[in-house]
Amino acid sequence: MGQAESVGGAERRPPLWSRLVAAVFLGLVGLALLGGGAWLISLGGSAYYALAGAACLVSAFLVWRGDHRALPVYAALLAGTLVWAVWEVGLTFWQLVPRLAGPVVIGAILALPFVQRALVRKGPIVARLLPAVATGAAVAVMAVAFFQVRAYDVAPGASRIAAAVADDGPTDWTAYGSNAAGLRYSGADQITPANVAGLTPAWSFKTGDTNAKRPEIGAPISFMATPLMVDDTVFLCSPTGKVFALDADTGKAIWTRDPRTDVGNAQMLNCRGVSYHADAAANGICAARVISMTVDGRLLASDAKTGTPCPDFGKAGSIDLTEGLGSVDPLRTYTSSPPAIVGDVAILGSYVRDNYTNDDPSGVVRAYDVKSGKMLWGWDSGRPDDAPQPGPGEEWTRASPNAWSVFSADPDLGLVYLPTGNATPDHVGTHRSEELERYASSVVALDVATGKVRWSFQTVHHDIWDYDVPAQPVLFDYPSAKGPVPALAAPTKQGEIFILDRRTGKPLVPVEERPVPQGNLPGERYSPTQPFNANFASFTPPDLTEASMWGTTPLDQLYCRIRFRSLDYEGLYTPPSERGMIEYPGTFGTLNWGSVSIDPARGLMLVNSAAIPQEVLLFPHDGDADTPEEASSSHAPGYLPQIGTNYGVSLWPMLSPLGIPCTSPPWGHLSAVDLKTGKLAWKRTIGTSEDVAPLGIRIPGAFNLGGSVTTASGLTFIGATIDDYLRAFDTETGEELWKGRLPAGGQATPITYRSKKTGRQYVVIAAGGHMYMGTTPGDHVVAFALPEGDD
C-alpha cells in the first residue's frame, strides 16, 4: 500500500475520525493561544502566542480537509517557534523546554508516516519531510542546551588550603546555632570529604506528632526543630511542645515531657528548638535544665536528666507568657523559637499573626531569670526608650513590632541581637506611628542586663512587604584589612546580607541607600530609598521580565505572562496596590529562618537561597471595621482583613494553573561567599522536584527552607529542599558528595556531634515536612553515621 490508496483512479480521503480528532486538538490549542495571545498583546506583551495560535488554526483547518499543506504549515510554526525561543532566552535549557517541548511532541507525531497517511492526502515528499526536519532541529537545539546545564560553578581562585582544626573529642551542640554566636559550625572531623559517601542511617526516633497520628489537631503541623546535644543526650521539641531527651548513640528515649498543649486555633504548630542551661555550682534536680515553649503561651523548665518540671521556676516549672499582653485571641501569638541564654538570663520573643489586625498583642521581647523564672525586663519597641516597665494592670504596646526568629548573643559584650519584624498589619503602613517604625525590620542589640537598646540597624524602611528580618544574626570575626573585627551577619528576606560591627552596629561592608519604586495609595507614605550592600554578594533574585515567566507548556506559560502583564511590577520594593502587584521575592523571602553558616577556618559563609513571586492585591474597606466579617470585601484566595487599616490584602503565590511557579528554574541554590572579598566562591543548584512533581520529574534547583551546618573537615550538611534528602557538600568547592534518603521532608537545620561515650560522629536532622511547602509529612528524627570502625 502506498501513501494514499486509489479507488477507480481517484485518491481516497483519509479517515474522517482521525482528521476530526487531530483538527479538534489543534483547533483548541490554536484558539487558546490566539485568544490568550491577543489578550497578552493588549497588555503590551509578546505577539508570538497570537501568531502561533493563528498558525495552529490554519493547520487544524487543513488537517480537517485532509490537505497535505497542513504539514508544512505546522513545520513553519515549529521552525518559527525555535527561532523565537532562542532569540528570547538563548540556549537556556529549562527556559527552552516549555517553549519547545509541546510543539516538538506534536511535530514528532506529525512526522510519523502512518500518522500522515491517516491525516492528509498524498502530497510532495518535501512537504511530508518538513515536520521531521523542524522537529529534529528543535531537538538538536534542546540537546545542545541540555549539555550546557551546570550544577555548580566555582569562581576563579576560589580553591584554598585551610588550616587544620583539631577535633578534641566531644563536640556538643549547646544552642540552636551550635553556640550563642549561631555559627552552625562543628569541630567534629571524623566524617570527611573522603569518607562521607559511606554514611548510613544509625538510628531514628518518632515523636508521635503528625496530623495523621493526632487527627484531633486541626492546625497544620510543621517539624522544624533543631536539636541540641549535651553530654551525650539529644534534646528536642515536637510541634505541640513535647520535649524529648534521647540517647545520642541510639536515639532511644530517656524521658519525655508532655505539657498537654491546648493547640486550639493555632495557625501552624511549630517548635524550632529548646534551650539549655547548666549551673556548675549546683547539684540535684534542675542543676541543668531545658527551657521550652508551648503554643498556648507557656515557658517551661525541665530537669535535663529526668524531664521533671523544675519546681523553682515560676509556678511548678511553668510561666504564663500571656501576662501583660491584655486581650489575647487564643493561640494567635506564641513563641516558636528557643530563648537565647546569656549567663542566667533567658531572652525570648514571639510570633504574632500577620495581616490580621492592628490590635494584636504586643511584640514585646522579655528576659527571665533562668533559675527562678522571675521576669527581669521587657523591651517593647512601641514604647519610648526611657519608658518605665508597665505597672500593675498596664500592658505592653499592642501590635508593636515583634521578634519571632532566633536570637544570638555575645556574652563578653553583654549584648543580645534581635531580628525584628514590622508592625502588623504588614502590607499597609498608614496606621503606624514613629515609635512603631523605629526598630521595625531591623537588627537590634539590647543590653542583656537592662534590656536597653545599645544600637540598631534597619534593613527595610517603612516595611510594607512583610520583609521582617527572619534569620538569626550570625556572629563571627570579620577579616578586615586591619585585622579581625567582631562582626555580625544579618541575612534578610530580600536577599541582602548586611555585615555589621556587632559592638556598634556600623556597617563593615559599605551600605548604599538606593532609590526604589514609589506608590500612590491614599494616606500611605513611601520610603524614597532602601539599603543595599555595595560590596558583598547579594542573593536578591534578578528582576522578573515577561520572558522569565515559566510553565511546563506554552499554554500555562502564556497564563503566567498574562498575569505578569496584568499586575504592577517595577522590581524589588514594588509597592502594594489596588490593581495588584508582584512581590518578588515573596513573603517567604530569599533567605529565611535557616540563616547562614560560617566555616571560620576556611573564611567561607554558606548560604542557601530560594525565591518564588507572590501576587499581592489590596481591597479597600472601612478602616473602622473591627471584625473579619466587617473587613471582608473579597473572597479572593489568601484574603486577610488587615483590620484597623483601609485595606484588606490577598496574598497568593504566583503559580501556573498546574501549580508550578511562574518563574523558571532553578529556584533554589547553595552558595559560598569568601568573607575576605565578599565575592561568591561558588554557587550551585540544590535539590530537585522529584518528590513533588508529577511522574517524579527531576527539575534541579528546588525550593528550600532550612539551614546548613559546616564541619572542621570541610563538609557542609543541609536538608531544606522539597525532595526528601539530607545532602553533604564539599565546603570549598560545592561538589555534592553524598545524599541520604529521609522518611519525610527535611525542612529543618541538621546538627553534627561526636559522642563522648563511643567516639562516633553523627549527623542528625528532624524530618517531618512543612505543611505550607507540601513536602512529605512525618515525625522522624534521623541520625546518620559511618559504619562502626570506619573512621
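Strands here, like helices, are DSSP runs numbered from the N terminus, with at least two residues of type E for a strand and at least four of type H or I for a helix, and two strands pair if DSSP finds at least two bridges between them.

The model is predicted, so local features need pLDDT of at least 70 and side-chain atom pairs count only at pLDDT 80 or more, while totals for chains, interfaces and linings use all residues. Residues are numbered from 1 along each chain as its sequence is written, and side-chain values use heavy atoms, with hydrogens and water left out.

Staying in this sheet, select residues 365-369, which are strand 18; four bridges join this strand to strand 19, and the two run antiparallel. Valine 365 is placed opposite tryptophan 379 of strand 19.

In the loop between strand 6 and strand 7, select aspartate 231, which has a positive phi of about 50° although it is not a glycine. Aspartate 231 is partly exposed, with a relative accessible area of 48%; buried means under 20% relative accessible area, exposed over 50%, and partly exposed in between, with a 1.4 Å probe and protein chains only.

**Helix 1 against helix 8**

Now show helix 1 (residues 16-42) and helix 8 (residues 554-566), which pack at an angle of about 15° with their axes 10 Å apart. That angle makes helix 1 roughly parallel to helix 8, since angles under 35 degrees count as roughly parallel, over 145 as roughly antiparallel, 65 to 115 as roughly perpendicular and the rest as oblique. For the contact, select Ala32, Leu33, Gly36, Gly37, Trp39 and Leu40 in helix 1, which meet Leu555, Leu558, Arg561, Ile562 and Arg565 in helix 8, contact meaning heavy atoms within 4.5 Å. By class, this contact has seven nonpolar, two polar and two charged residues, where Ala, Val, Leu, Ile, Met, Phe, Trp, Tyr, Cys and Pro count as nonpolar, Asp, Glu, Lys and Arg as charged, and the others, Gly among them, as polar.

**Strand 35 and its partners**

Move to strand 35 (residues 668-674), which is mostly covered, with seven of its seven residues buried. Gly668, Leu670, Ala672 and Asp674 point one way from the strand, whereas His669, Ser671 and Val673 point the other way. Seven bridges join strand 31 (residues 604-610) to strand 35 in an antiparallel arrangement, and glycine 668 is the bridge partner of alanine 610. Five bridges join strand 35 to strand 36 (residues 680-685), again antiparallel, with leucine 670 opposite arginine 684. Strands 35 and 36 form a hairpin with five residues between them, and glycine 678 in the turn has a positive phi of about 75°.

**Backbone features in loops**

In the loop between strand 34 (647-653) and strand 35, select proline 666, which is joined to proline 665 by a cis peptide bond with omega of about 0°. Another cis peptide bond joins threonine 424 and proline 425, with omega of about -5°; proline 425 lies in the loop between strand 21 (415-419) and helix 7 (434-438).

Finish at serine 441, found in the loop between helix 7 and strand 22 (442-447). Serine 441 has a positive phi near 50° in a residue other than glycine, and serine 441 is buried, with a relative accessible area of 0%.

Notes. Axes fitted to C-alpha atoms, helices over the stretch in contact; angles between N-to-C directions.
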